[in-house]
Amino acid sequence: MIRLKPGSRHPVALTVNEKACTGTAEPRTLLSDFLRHELKLHGTHVGCEHGVCGACTVMVDGRAVRSCMQLAVECDGASVRTVEGLAQDGALNALQRAFNRHHALQCGFCTAGILMSATHFLSENPNPTEDAVKEMLSGHICRCTGYYPIVAAILDAAGEICAANRITKEKP
Amino acid sequence: MTARDELPVKGSKTRTQAGYIGKAEPRANAKRLLQGRGSFIDDLRFPRLAQVVFLRSPHAHAKIRKLDFSKARTAPGVIAVVDGRAVAEYCTPWVGVLSHLKGLKSAPQFPIAIDRACWQGEAVAAVVAETRAQAEDACELIVAEYDPLPAVIDMHEALAGRHVIHPDLGDNICFNREVDFGAVEAAFAKADVVVEESYSFGRHTGVCLEGRAILADYNAAEHTLTVHHATQAPHMMQDIFSKHLNIPEANVRVICRDIGGAYGIKVHVYPDEMCTAALSIMLRRPVKFVADRMESFLSDIHAREHKVKVRLAATKAGEILAFDLDDLTAIGPYSVYPRTSGIEGNQVVNLTGGPYKHQNYRAKLNVVFTNKNVTCQYRAVGHPIAVALTEGIVDLAAQKLGMDPAEFRRRNLVPDDAYPYTGAAGMKFELLSHHQCLDKLLALMDYKALRAEQAELRKKGVYRGIGLAAMIEVTNPSPAFYGVGGARISAQDGATLRLEPTGMLTVLSSVTEQGQGTEGIFAQIAATAVGVTMDKVKVITGDTSTTPYGGGTWASRGAGIGGEAVLQAGKALRSNILDIAAAILSVDKATLDVYNNEIIDAASGASRLPLAELGRVAYFRPDTLPMKFQSELMVTRHYTPREYGFTFTNGIQASLVEIHPDTGFVKLLKHWCVEDCGTVINPMLVDEQIRGGVVQGIGGALFEECHYSEDGQLLNASMADYLVPMSGEMPDIVCGHVESPTKSSELGAKGVGEAGTAGAPGAVMNAINDALAPLNARVNSMPFTPERILDALGAANAKG
């Protein structure tokens, strides 16, 4: 095990949205700050820095985690997915399109975290109930919407993704 | 009959782009936010950007005996460490008063406290460093010593005035007001029924997901200050930076891009933000401040802390005769600049009893200073208090009369054909629709069926409650709100529309966007007014150097005021476009129209000229136009509401709850809101303004309160401890609309952004008390936590 020194910077290598990224971080640097300030990926937002609001949620090795509750150095070698990785060539994915359609965001500050939680959630629950979506969403604070359009968007996206998967499966 | 170039917004007569008004169009600017490509203050990168953090007073009231910066100044990366005196060299102090709130007084406030801190969280020193982490590390090395002073925490003690916070002011009273209309004493003397109740409202705060943020960039070479600011009112801030930092107005540019929630929190002057701008001038480099979560709780404005006694007189036939109220509210040690902290209490006085037709009204207001964080205008300013205490006492009267609360309201709401109407508190209403809204609400919720179900369930020991809350709401304020009191805050907004050579339409508006959808609805209005499709419209807001001058976004004014300016500019531009088309085509202007990005023949609808071709000729080949003809493809129009002080809206909400008497838990089962905001420009955005507002109102009713210890320490300054509504506990919220367009503008839109927050707490309170009624318990102190409900049930049991 490597012993890290306080105050000194250590190399951190991550795969972010399928691209290799490297930088340095103090042992105390949070993953959220590393993504924002070292890798200049500003899509991940910091709302509370104590793991309550969920705005900074990203996926680390397939799990949805609050990047303000992880140290950058402990993620060395991990594969990270952030909001910047959702759209392909500027085209919104099904979840983003549903958010746009349903006006599931206002100021947009909490949105990146919610999209990443929902992405993880839908990968494990492709056909969720409304209650299950609300339960998942209860890990996030949105201060603008009444949550209703976010729930509607996630359910709508689930339907679209399911239908698309069916078509893909039937094709070959 | 309107002329062809005077397009009616919802016109059916002309072949126009009328389809966008009233349509649920998704907003274009959501796409960048969905891809993580927003531009919030902390996302901006500048060369030589420094970061400031603040040392904040740990005491509610203390003399600053000593500040030793020697260790902090030598810490790695530190650029400067300053106290209040150093910053005051660059920034003059301010006093938050308005002359139309007679007698309102406050003390001068500096960017950083000098000699004395007046609340826990007031900045006493600033540290500027290359990185935020370095600044925070250095901040911990400051040696600060204090002599604590007696802290005034309780509002009654503040009123009594044993310790006066600002001795120069003589007492702790910031503002008081008394009104007495009609014959209140006589009404109470002859009343068959008099009900009385005391209500208390907890201190809230906005909890914007993005902390307050500012990046000030002073350029000494040209004596200019560019401020990237998370503010709702860029022109107001331009004026204030200019005045207090002594830079000519034209040399100050305020830019607001994406803002992570505002709700009124980001429309005030904050000392730490003024300090950041002053530091940029002092250090001649860009300086950034972003409040962390704890700082947000300690220094974002708080709101709502009121204790109100209210009485209502009625006849046994169920006619309300009079309201009488006494409101005491505590605002912290300073009245906030420049809107003052007297407005919320003033609104309570103006709005209480507002939906009803009684003619006798008396109110007394005391606004006092305390050594807690400052309070000021937060979403729905005063409305949640006025609505809750009005509707609470109305329900109590109905209960005492044995009358159904919906029926009692029906008998007393101002009739829909009575307008224009002046209420007992002196407020003038142009056109409201209380009865239509009530009828629509009762139908929407199936009130009778719910009452029957409630009675059935009570037999089974299930305690459900139904609560109603009628409301009036201040929107589209005229200069009567701030301007007449001397505040340099614009009540007017402007819009510039420019047809680009390719036929695209650029809209510049002085209203700002914090996610409400301002840019989206302005695109809808502009497309409609000019005759282009939505994909051709680009809206730009939030830059004092490019947009017309205006007030910005607050007091539910963006759509109604800014939208009217867009409409008028659009109509004028359309007329100019037709002038050019007539010149190009050598036909009479009246035979042409603009539709679907083309000039068409008005009679046949046949395509004559694409706007892109018109743009090409006007910009690049004006030599082909008649010699004396000058095309004008950029038009600016402004709009100020002036006929009425405020364009009042109305609405009514209902809440259905279930109480668990063993635990005190409240389950929100469903919520309804029927609102009349005049012309609905985009129903999807309007409904979500209402839903989001309702959820913020529910937060105040059930969860939110800033708890202070007896010595003025904020006890719950974290998101884990200050609870806000989360998805799992929110009910389905059903929205309905009645549309009574205001005649003071052609667009007819009134505001809607605060309606949900205004009415929800009262509706939830009445529902809880309806559920508790068979148990002989009542609650009247928000938030209605399980503990408070159990206390009420315990007291009822002890009595019983």
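User: What is the area buried between chain A and chain B, and how much of it do carbon and sulfur atoms give?

Analyst: About 4,000 Å² is buried between chain A and chain B, and carbon and sulfur atoms give 57% of that area. On the chain A side, A:H103, A:Q106 and A:R143 lose the most area to chain B, together 20% of what that side buries. Please keep in mind that this is a predicted model.

User: How many residues does the contact take from chain A and from chain B?

Analyst: Chain A brings 49 residues and chain B brings 48 residues. They count as being in contact because they have heavy atoms within 4.5 Å of the other chain.

User: What makes B:D42 and A:R36 a salt bridge?

Analyst: Happy to go through it! The rule asks for a side-chain nitrogen of Lys or Arg within 4 Å of a carboxyl oxygen of Asp or Glu. For B:D42 and A:R36, the closest N and O atoms are 3.1 Å apart. That value is within the 4 Å limit, so the pair is called a salt bridge. The count between chain A and chain B is five salt bridges.

User: Which elements give two or more residues to the side of chain A that touches chain B?

Analyst: They are α1 (31-38), α2 (94-102), α3 (111-124), α4 and α5 (148-170) of chain A. Of these, α2(A) gives the most, with five residues. Polar contacts are found here too: 21 residue pairs between chain A and chain B.

User: Why are the buried residues of helix α4 of chain A said to be on the same side?

Analyst: The buried residues of this helix (residues 130-137) are A:V133, A:K134, A:M136 and A:L137. They cover an arc of only 160 degrees around the axis, which is why they are placed on the same side of α4(A). On the other side of α4(A) are A:D131 and A:E135, both exposed. They are called exposed because their relative accessible area is over 50%, whereas a buried residue is under 20%.

User: What are the two domains of chain A, and how many of their residues are in contact?

Analyst: Chain A is divided into domain 1 (10-85) and domain 2 (94-170). Their centres, taken over C-alpha atoms, are separated by 22 Å. In the contact, 18 residues of domain 1 of chain A meet 14 residues of domain 2 of chain A.

User: How many salt bridges and how many polar contacts are there between these domains?

Analyst: The count of salt bridges between domain 1 and domain 2 of chain A is zero, while six residue pairs are in polar contact across their interface. On the domain 1 side, β3 (57-60) and β4 (63-66) of chain A each supply at least two residues that touch domain 2.

Key:
Residues are numbered from 1 along each chain as its sequence is written. Chains are lettered from A and ligands numbered from 1 in the order in which they are written. This is a predicted model: local features need pLDDT of at least 70, side-chain atom pairs count only at pLDDT 80 or more; totals for chains, interfaces and linings use all residues. Side-chain values use heavy atoms; hydrogens and water are left out. Buried means under 20% relative accessible area, exposed over 50%, partly exposed in between (1.4 Å probe, protein chains only). Helices (H or I, at least four residues) and strands (E, at least two) are DSSP runs, numbered from the N terminus. The arc is that of the directions from the helix axis to the C-beta atoms. Domain bounds come from an automatic or database domain assignment. A polar contact is a pair of N or O atoms within 3.5 Å; within protein, one must be able to donate a hydrogen and the other to accept it, and residues adjacent in sequence count only if both atoms are side-chain atoms. Buried area is the accessible area (1.4 Å probe) that two parts lose on being put together, summed over both.
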